[in-house]
Amino acid sequence: LIDIDFLDVSDFSVAWEKTIIPTVNAMSKNSDRIFLSTYRGILALNASDGQEIWESNIGEDFLTGAVVIDNVVYAKAPGPKTIYALSLENVEILGKITIVDDSAVEPYASYATGIFTTDNLLFFFDRDRLYAYGKP
């Protein structure tokens with residue numbers, strides 16, 4: 001038998017709120033920052049007050065939440081299976097990984113995507129394939 005404690009939010013009040021344009025597709029968090037995935041790119045906000053830190057405006061439709069490893073923000077774009085690496089401190093694009101998979105059907109129409117990390121690996125999936133990246 002597992003004992004689970006739930007957060008009682010009955011006495012919570014709104015700490016802050018913000019209208020986000022464009023529409024948010026996914027959200028993720030890293031210590032003091034919230035990352036919002038939109039159809040234009042990734043938006044980084046201060047978690048305590050909602051103030052914008054940076055917006056990437058990459059022009060990709062990001063559907064999954066970003067993850068952070070070693071002060072680098074990784075965000076997966078659909079389509080040709082591209083992961084962008086962004087600076088945690090500013091909007092600089094540090095690089096990108098593009099997976100070429102000739103066996104993929106309709107590579108630009110893939111919406112079943114995800115990205116997550118463990119201590120030293122970056123995982124993402126696209127439809128029926130799981131990829132794992134890590135440092136040697």
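Are Phe 35 and Trp 54 buried or exposed? Both are buried (under 20% relative accessible area; exposed is over 50%, partly exposed in between, with a 1.4 Å probe and protein chains only).

This is a predicted model, where local features need pLDDT of at least 70, side-chain atom pairs count only at pLDDT 80 or more, and totals for chains, interfaces and linings use all residues. Residues are numbered from 1 along each chain as its sequence is written, and side-chain values use heavy atoms, without hydrogens and water.

**Stop one: the sheet.** Select β1 to β4. They form an open sheet in the order β1-β2-β3-β4, with antiparallel pairing. Strands are DSSP runs of E, at least two residues, numbered from the N terminus; two of them pair if DSSP finds at least two bridges between them. β1 (24-30) and β4 (52-55) stand at the edges with a single partner strand each, so one side of each has no neighbour in the sheet.

Next, select β3 (residues 42-46). Three bridges join β3 to β4, and the two run antiparallel. Ala 44 stands opposite Trp 54 in β4.

**Stop two: the aromatic pairs.** There are two. Rings of Phe, Tyr and Trp (its six-membered ring) pair if their centres lie within 6.5 Å; planes under 30 degrees apart are stacked, over 60 edge-to-face, the rest tilted.

Select Phe 35 and Trp 54. This pair is tilted, at 6.2 Å centre to centre and 45° between the planes. Phe 35 lies in β2 (residues 33-38) and Trp 54 in β4, so the pair ties together parts 19 residues apart in sequence.

Finish at Phe 62 and Tyr 84. They are edge-to-face, 5.9 Å centre to centre, with 65° between the planes. Phe 62 sits in the loop between β4 and β5 (67-69), and Tyr 84 in β7 (residues 82-87), 22 residues apart. Phe 62 is buried at 0% relative accessible area; Tyr 84 is buried at 7%.

How values were computed. Helix = DSSP H or I, 4+ residues; strand = E, 2+ residues; numbered from the N terminus.
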